[in-house]
Amino acid sequence: MRHRLLTSSLRAGFASTSAWRATAPAAAATKIRPETVSTSSTPDPFKILAPQVKELQQNLLRLLGSSNPTLTDIASYYFLLPGKQLRPLLVLLISRATNGLASGWNKKLSAAENGPSTKEDLDRPLTSPEVLTDWNPRMPDHTASFSSVFSIPSAPIPPSIPTSQDAYQDLSWASNNPHFTILPTQTRLAQIAEMIHVASLLHDDVIDKSSLRRAAPSAPFKYGNKLAILGGDFLLGRTSAALSRLGSNEVVELIASIISNLVEGEVMQAKEVVNASNRDTELNSDLPWSATAPSSLDPALESDRWTRYLQKTYYKTASLMAKSARSAVVLGGAQPGVPNDELLKDTAYAYGRNMGIAFQIIDDALDFSTSAELGKPGSGADLQLGLATAPVLFALEEHDELRPLVARRFKREGDVEKARDLVLRSQALPRTRQLAQQYVAKAKEAISLLPHSEARDALEALSDRVVSRSR
C-alpha cells in the first residue's frame with residue numbers, strides 16, 4: 001500500500017512528457033484528422049509488414065561490409081540469429097500510421113520519388129567508396145593496394161538533381177501507392193535503430209560477461225571481448241554513415257542522443273553496483289540490520305529506488321524506441337514549430353517511450369519466471385549482476401529481510417538464491433506485469449489521437465504482445 005501511494009505520481013511522470021501532457025487534453029477533443037473506415041479484426045503486427053521487415057534485414061547486412069572479413073562476421077553475427085525485430089517494426093508501423101498527416105509530407109514524398117531520398121540515393125555514399133572503406137571490390141588493384149601513391153580515378157560526373165517546384169506537383173497518385181506507404185528514409189531509420197540496438201548488445205555482453213545471446217553463444221564468448229567491443233564500435237560507425245544520408249538535422253540530433261542515453265544508462269548501472277560493493281565493506285555484519293541501514297519505511301529511499309530504476313530503464317531501452325519513433329514522424333514531413341506536426345511527434349515519442357519501459361519491465365519479470373510459468377527459465381541473471389529490478393522493488397514491500405540483500409547488491413554467498421525465493425513467494429511478479437500494463441495503456445492512449453488505420457491497430461496489438469510475451 002505504501003508503495004502504491006508513494007510512486008503513483010512517479011509512474012505518471014515517466015509515462016508521458018510534459019509536452020505530451022500539455023497537448024493531449026486539447027487534442028483528445030479533436031483528432032489529428034477524421035477517422036477512416038475501421039478494420040474488421042485486429043491485425044498481426046508481425047505479419048502485415050513481414051515482407052518489408054524481411055527486405056529490411058537483407059538490405060541491412062549489405063551495410064555491414066568491411067575490408068576485414070572477421071569484422072564483417074562479428075558485426076553481422078547477432079543479425080543472423082533469430083530475434084523479435086521489435087524496434088524496426090515499431091519504426092515502420094509508426095511511419096505507416098502517421099505518413100500523410102504532417103505539413104511537409106508532399107515534399108518528403110517527392111524526395112522519395114525524385115530525389116534526393118530515393119532508395120538508390122540512400123544506398124549511394126556521399127563520399128567515394130574508396131575513401132570510406134579503402135577497399136572497393138570492383139577496383140581491387142586500385143583501392144586495396146598500398147604499394148604506390150594513391151591517384152584519382154577518372155569517372156563521369158553524375159547529372160545534378162532537378163530542383164524545379166514541378167517535382168512537388170500532382171502527387172495524389174503516390175499517396176495511395178503501397179511502395180510509398182513507408183518512405184525509403186524511414187526504412188533506413190528502422191535499420192539504423194536495429195544497428196544501434198545490436199551494437200549495444202555487443203557491448204553489454206562484454207560488460208555483463210554473458211555467454212549466451214538468443215540461445216546461441218554470445219559474441220564475446222565466440223570472438224573474444226576485444227573483437228566484440230570493436231564490432232559494436234564498427235556498427236556505430238556504419239550507423240553514423242547511414243544517418244548522414246537521411247537529410248534531417250533533427251533526426252541526427254535525436255539518434256545521437258540515443259547513443260548518449262545508452263552510455264548514461266550503463267554508467268548509472270555500473271555506479272550502483274560499485275557503490276553497493278563499497279557499502280558492503282562498510283557494514284558491520286555483527287550489528288542488526290536496523291542499526292546499519294536506513295529504515296525500511298523511509299519514503300525518500302523508496303522513491304529514489306524507483307526513480308533510478310525507471311530512469312535507467314528509459315536510458316537503456318525506452319530512449320531508442322521513443323526517439324526512433326519520433327524520428328520516423330520527422331522523416332514523414334513533421335516540421336518544427338507547426339502545432340499539428342509537433343503533436344504528431346509527441347504522439348510517436350509517448351508511444352515509444354511507454355512501450356520501451358513496458359518492454360523492459362516484462363523482461364525484468366521474465367528473469368524470475370520458471371519455464372512452467374512463462375516458457376523461460378528464470379536464471380536470476382539480473383540478481384547476479386547486482387541489479388534490483390521491478391520484481392525486487394515490489395517484493396521489498398512484503399519482505400523486509402530482502403533489504404540488506406538489495407543494499408549490498410546480492411554480493412554475498414546465497415544472496416541471489418534467497419532474493420529470488422523471496423520474490424517468487426511474494427506478489428511481485430503479478431504486480432510487475434500490472435505496472436507494465438499501465439505503461440501499455442498509456443502507449444495506446446497516445447496513439448488514440450491518430451486516425452484509425454490498420455497500422456494504428458497493429459501498434460495497439462504490438463503493445464499488447466509486449467505484456468503477454470513469454471520470451
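Mentor: The discussion below takes up a helix, a nonpolar core and a single alanine. This is a predicted model, in which local features need pLDDT of at least 70 and side-chain atom pairs count only at pLDDT 80 or more, while totals for chains, interfaces and linings use all residues. Residues are numbered from 1 along each chain as its sequence is written, and side-chain values use heavy atoms, with hydrogens and water left out.

Trainee: How many residues does helix α4 have?

Mentor: Helix α4, residues 50-62, has 13 residues. Helices here are DSSP runs (H or I, at least four residues), numbered from the N terminus.

Trainee: Which of the residues of α4 are buried?

Mentor: V53, L56, N59 and L60 are buried, meaning under 20% relative accessible area with a 1.4 Å probe and protein chains only, whereas exposed means over 50%. They lie on the same side of α4 because they cover an arc of only 130° around the axis, taken from the directions from the helix axis to the C-beta atoms.

Trainee: And which exposed residues does the face turned away carry?

Mentor: That face of α4 carries P51, K54 and R62.

Trainee: Now the largest nonpolar core: which residues touch the most other members?

Mentor: I94, Y351, V392 and L402 do, out of 107 residues. Such a core is a set of buried Ala, Val, Leu, Ile, Met, Phe, Trp, Tyr and Cys residues joined through side-chain atoms within 4.5 Å.

Trainee: Is A407 buried or exposed?

Mentor: A407 counts as buried because its relative accessibility is 17%. A407 is found in helix α21, residues 403-407.

Key: Helix = DSSP H or I, 4+ residues; strand = E, 2+ residues; numbered from the N terminus. Expected span 1.5 Å × (residues − 1).
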